[in-house]
Amino acid sequence: MNYEEKNRNGAHHIVMEDRARITASGVEDVDSFDENGVTMLTSRGTLVVRGRDLHIDRLSIDKGELNIEGIVDSLQYIDEAQSGGFWARLFR
């Protein structure tokens, strides 16, 4: 099984280099982004990356890959029940 087949089956990986670059696989969608945060839906749940001067360097939803550059302060997975789910996202 090659890398792309693994991603289609729900594999999710994160690599962070020097708190300055994140490479993520298993990304299904990007919910929101600005210079202070990126919220993405992954095959393993909603992931929030917080930091400063963040920008998306590369995004391929077809391949499920995302690269973020900037100063990373935190990575957090959010449980849908905890975040309020659909309605909380709708009224942000």
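**View 1. Glu69 in strand S6.** Glu69 sits in strand S6, which covers residues 65–78; strands here are DSSP runs of E with at least two residues, numbered from the N terminus. This is a predicted model, where local features need pLDDT of at least 70, side-chain atom pairs count only at pLDDT 80 or more, and totals for chains, interfaces and linings use all residues. Residues are numbered from 1 along each chain as its sequence is written, and side-chain values use heavy atoms, with hydrogens and water left out. With a relative accessible area of 25%, Glu69 comes out as partly exposed (buried is under 20%, exposed over 50%, partly exposed in between, with a 1.4 Å probe and protein chains only).

View 2. Setting aside neighbours within four places in sequence, Glu69 is in contact (heavy atoms within 4.5 Å) with Ala20, Arg21, Asp53, Leu54, His55 and Asp57. Its side chain makes a polar contact with the side chain of Arg21, at 2.4 Å; that term means a pair of N or O atoms within 3.5 Å, one able to donate a hydrogen and the other to accept it, and residues adjacent in sequence count only if both atoms are side-chain atoms. Thr23 is 46 residues from Glu69 in sequence, yet their C-alpha atoms are 9.0 Å apart.

**View 3. Glu65, also in strand S6.** Glu65 lies in strand S6 too. Buried or exposed? Glu65 counts as buried, at 12% relative accessibility. The Glu65 side chain makes a polar contact with the side chain of Arg58, at 3.0 Å.

Technical notes. Helices (H or I, at least four residues) and strands (E, at least two) are DSSP runs, numbered from the N terminus.
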